[in-house]
Amino acid sequence: MKPFAYVRATTLREAADAYAAHPGSRYLGGGTNLVDLMKVGVETPTALIDISRLPLEEITELPDGGLRVGAMVRGTDLAADPLVRTRYPLLSQALLAGASGQLRNVATTGGNLLQRTRCAYFQDLSKPCNKREPGSGCGAREGIHRDHAVLGHSEHCIATQPSDMAVALAALDAEVELYGGPDTTRTVAAAEFHRLPGDRPEQDTVIRPGEIITAVLLPAPAPGAVSLYRKARERASYAFALASVAVVLDLDDGRVRRISLAFGGLAHRPWRATTAEARLTGSAPHSDAVRAAVDAELAGARPLRDNAYKIPLARNLACDAIATLAGAP
Ligand SMILES: Cc1cc2nc3c(=O)[nH]c(=O)nc-3n(C[C@H](O)[C@H](O)[C@H](O)COP(=O)(O)OP(=O)(O)OC[C@H]3O[C@@H](n4cnc5c(N)ncnc54)[C@H](O)[C@@H]3O)c2cc1C
Ligand code: SF4
């Protein structure tokens with residue numbers, strides 16, 4: 001590991017100032033991703049700016065019935081929060097489907113959103129990777145890409161976004177709150193926070209240099225809406241999604257008043273299935289209609305040599321989740 005400075009920030013202002021004073025630095029949340037990447041030499045920050053003790057550890061109710069989740073809230077606490085479990089069960093389920101209990105005890109809400117891809121070539125300095133070193137090539141494209149993207153990928157990068165929580169937040173129409181310095185706070189829709197790779201795969205998200213995630217904002221749930229997160233993985237624990245699905249369903253007299261559907265494990269960002277949503281809105285969620293809508297969404301997939309299995313896997317996850325929520329036998 002290369003030598004680096006360590007700065008502990010006690011205020012947001014202090015953290016932003018430290019970032020400006022140390023070009024090439026990184027903020028430190030729980031460290032469960034960043035420190036691992038430093039150990040293998042993928043990340044070589046000049047300084048770690050420890051923001052883990054900033055007063056961003058609260059989950060508070062908003063006047064409109066939504067929730068504000070501070071960026072330093074740990075995965076364990078967020079998943080177990082009674083308001084989260086009752087109002088946003090899919091968020092709790094997504095968190096509990098990710099990593100291990102020990103990791104969730106340390107990992108933060110902000111760090112979870114900004115964790116890097118698990119593409120093995122990204123983590124292997126001996127292999128080319130446009131995300132790690134722009135212009136060097138993509139080792140995965142001709143290599144082992146069974147876990148990689150089927151939607152929205154580019155010739156420059158086929159990596160997937162690994163966070164389960166991010167998929168749930170995309171389906172929930174959550175927002176990410178960002179601090180860029182005094183008087184420069186902004187919010188970004190969670191579904192727009194991660195980017196498709198295009199020709200800039202080194203940029204995972206729309207966050208600007210030096211910005212700090214301060215909170216995630218959850219809108220009030222629609223009365224009567226139900227939700228579910230389903231994840232397919234290689235084993236029961238410690239495995240990232242091969243495919244996952246987050247669904248929020250609001251039925252009115254047996255017809256879909258509103259549905260939010262997002263896929264994980266398929267693309268460089270949570271994939272909000274707007275085509276399927278539009279087709280299902282207003283109709284009864286019978287199995288044929290659901291399958292046709294999901295197929296219309298997945299028709300845009302471009303599988304690679306080894307990962308076409310993800311398309312039927314994602315379809316079955318989505319159809320099963322919607323049928324479960326709709327109360328189908
Ligand atoms: C064995 C293993 C299995 C795992 N399995 C899963 C899984 O199945 N599903 C899943 O979703 N995740 C999984 N994870 C990933 C885990 O969820 C992440 O490592 C964790 O959420 C990152 O949070 P952190 O607080 O430790 O981030 P850190 O490692 O501290 O930071 C990650 C990145 O975010 C930046 N950062 C952190 N906080 C902020 C902030 N507030 N503002 C701006 N920048 C910030 C850091 O600079 C860094 O670039 C797994 C991890 C391991 C090691
Ligand atoms: S898929 Fe993306 S992250 Fe993986 S090697 Fe290719 S460029 Fe790098």
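Trainee: Why is D252 called partly exposed?
Mentor: Its relative accessibility is 42%. Buried means under 20% relative accessible area, exposed over 50%, and partly exposed in between, with a 1.4 Å probe and protein chains only as cover, so D252 counts as partly exposed. This is a predicted model: local features need pLDDT of at least 70 and side-chain atom pairs pLDDT 80 or more, while totals for chains, interfaces and linings use all residues. Residues are numbered from 1 along each chain as its sequence is written, chains are lettered from A and ligands numbered from 1 in the order in which they are written, and side-chain values use heavy atoms, without hydrogens and water.

Trainee: What makes D252 and R257 a salt bridge?
Mentor: Their side chains meet at 3.9 Å, N to O. The rule asks for a side-chain nitrogen of Lys or Arg within 4 Å of a carboxyl oxygen of Asp or Glu, so the pair of D252 and R257 qualifies. R257 is partly exposed, at 46% relative accessibility. By this rule the model has 24 salt bridges.

Trainee: Why can such side chains pair at all?
Mentor: Side chains of opposite charge can pair when their charged atoms come close.

Trainee: What parts of the chain does the salt bridge between E61 and R87 tie together?
Mentor: The closest N and O atoms of E61 and R87 are 2.6 Å apart. E61 belongs to strand 4 (residues 59–61) and R87 to helix 4 (residues 82–87), so the bridge joins parts that are 26 residues apart in sequence. Helices (H or I, at least four residues) and strands (E, at least two) are DSSP runs, numbered from the N terminus. R87 has a relative accessible area of 26% and is therefore partly exposed.

Trainee: Is R272 buried or exposed?
Mentor: R272 is buried, because its relative accessible area is 17%. R272 forms a salt bridge with D173, where the closest N and O atoms are 2.8 Å apart. The two residues are 99 apart: D173 is in the loop between helix 9 (164–171) and strand 6 (175–179), and R272 is in strand 12 (residues 271–272). D173 itself is partly exposed, at 35%.

Trainee: Which residues are linked in a network of salt bridges?
Mentor: R26, E43, R116, K131 and D204.

Trainee: How do you know that E211 is buried?
Mentor: The relative accessible area of E211 is 7%, so the label is buried. E211 sits in the loop between helix 10 (190–193) and strand 8. Its side chain has a polar contact of 2.8 Å with the side chain of R186. A polar contact is a pair of N or O atoms within 3.5 Å; within protein, one must be able to donate a hydrogen and the other to accept it, and residues adjacent in sequence count only if both atoms are side-chain atoms.

Trainee: Which atoms of ligand 1 come within reach of D164 and Y27?
Mentor: A nitrogen atom of ligand 1 lies 2.7 Å from an N or O atom in the side chain of D164. An oxygen atom of ligand 1 lies 2.5 Å from a backbone N or O atom of Y27.

Trainee: Which helix gives the most residues to the shell around ligand 1?
Mentor: Helix 7, with 4 residues.

Trainee: What makes T274 partly exposed?
Mentor: T274 has a relative accessible area of 48%, so the label is partly exposed. T274 lies in helix 11 (residues 274–280).
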